[in-house]
Amino acid sequence: MKETNCIFCKIANGEIPSKTLYEDDNFRIILDLGPATKGHALILPKEHYANLFELPEETAGEAMKVAKKMADKMMKRLGCEGLNVVQNNGEMAGQTVFHFHMHLIPRYRTDGQSIGWKPQEVSQEELGKIYEQICQ
Ligand code: AMP
Ligand code: ZN
């Protein structure tokens, strides 16, 4: 399914031009237009899924395979020294385009970016409660 008003549906299916790094029957990988670093790319499925929760398991597996292939290529060709794979789900998690996508963000010593979080303290008791909430 495609969504008529979804910009990533249009880009993924070639209705809106993009700098395409890779394409197959199910995915397109494009350069991000607001890049965090040089080479920041987005992996877009051609079908519309709003987020990870809507993504079929098989497509999720395929997405990781194309991510690995492109990440390997970027490491070789761009001369980056690391690479973040980022994937946001929901406004609260920073998602701004509601068509599933994975970010590939090449990292360079001097890129000035920081992708991370501030570690919080947690007790063993709290960890136990969280485990129960998720698993039982
Ligand atoms: P997220 O915040 O995870 O939803 O990421 C959305 C990403 O899409 C951002 O990094 C934007 O810079 C990027 N973006 C938005 N519109 C376009 C577009 N038309 N072409 C390429 N990248 C885009
Ligand atoms: Zn879409």
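Me: Which polar side-chain atom contact does N88 make with ligand 1?
Reply: A polar side-chain atom of N88 sits 2.9 Å from an oxygen atom of ligand 1. Keep in mind that this is a predicted model.

Me: OK. What about D32 and ligand 1?
Reply: The side chain of D32 has an N or O atom 2.5 Å from an oxygen atom of ligand 1.

Me: And T96, is that side chain or backbone?
Reply: Backbone: an N or O atom there lies 2.7 Å from an oxygen atom of ligand 1.

Me: Which residues come nearest to ligand 1?
Reply: There are 16 residues around ligand 1, and D32, G94, T96, H101 and H103 come nearest.

Me: Switching to the zinc ion (ligand 2). What coordinates it?
Reply: Two cysteines and two histidines: C6 and C9 through SG, H48 and H99 through ND1. The distances run from 2.0 to 2.3 Å.

Me: How are those donor residues spaced in sequence?
Reply: The pattern is C-x2-C-x38-H-x50-H. C6 and H99 link distant parts of the chain, 93 residues apart. C6 is in the segment before α1 (7-12), while H99 is in the loop between β4 (82-86) and β5 (102-107).

Me: What's the geometry at the zinc ion (ligand 2), and why?
Reply: Tetrahedral, because the angles subtended by the four donor atoms are 104 to 116°. For four tetrahedral donors the ideal angle is 109.5 degrees.

Me: Are C6 and H99 buried or exposed?
Reply: C6 is buried at 8% relative accessible area, and H99 is buried at 0%. The cut-off for buried is under 20%.

Me: What about C9?
Reply: C9 counts as buried too, since its relative accessibility is 3%.

Me: And C80, buried or exposed?
Reply: C80 is buried, with 7% relative accessible area.

Me: How many disulfides are there?
Reply: The count is zero disulfides.

Me: New topic, the strands. How does β1 pair with β2?
Reply: Strand β1 (residues 20-23) runs antiparallel to β2, and three bridges join them. The two form a hairpin with three residues between them. T20 stands opposite I30 in β2.

Me: Which residue does I30 stand opposite in β3?
Reply: That would be L42. β2 and strand β3 (residues 41-45) are also an antiparallel pair, with five bridges.

Me: Why call β2 largely enclosed?
Reply: Because four of the five residues in strand β2 (residues 27-31) are buried, the rest of the structure largely encloses it.

Technical notes:
Residues are numbered from 1 along each chain as its sequence is written. Chains are lettered from A and ligands numbered from 1 in the order in which they are written. This is a predicted model: local features need pLDDT of at least 70, side-chain atom pairs count only at pLDDT 80 or more; totals for chains, interfaces and linings use all residues. Side-chain values use heavy atoms; hydrogens and water are left out. Donors are N, O and S atoms within 2.8 Å of the metal (3.2 Å for Na, K and Ca); water is not among the atoms, so sites may look incomplete. Four donors count as tetrahedral if all angles lie between 85 and 135 degrees; four count as square planar and six as octahedral if opposite donors are over 155 degrees apart and all others between 65 and 115; anything else is irregular. Buried means under 20% relative accessible area, exposed over 50%, partly exposed in between (1.4 Å probe, protein chains only). A disulfide is a pair of cysteine sulfur atoms within 2.5 Å. Two strands pair if DSSP finds at least two bridges between them. A residue is near a molecule or strand if one of its heavy atoms lies within 4 Å of it. A polar contact is a pair of N or O atoms within 3.5 Å; within protein, one must be able to donate a hydrogen and the other to accept it, and residues adjacent in sequence count only if both atoms are side-chain atoms.
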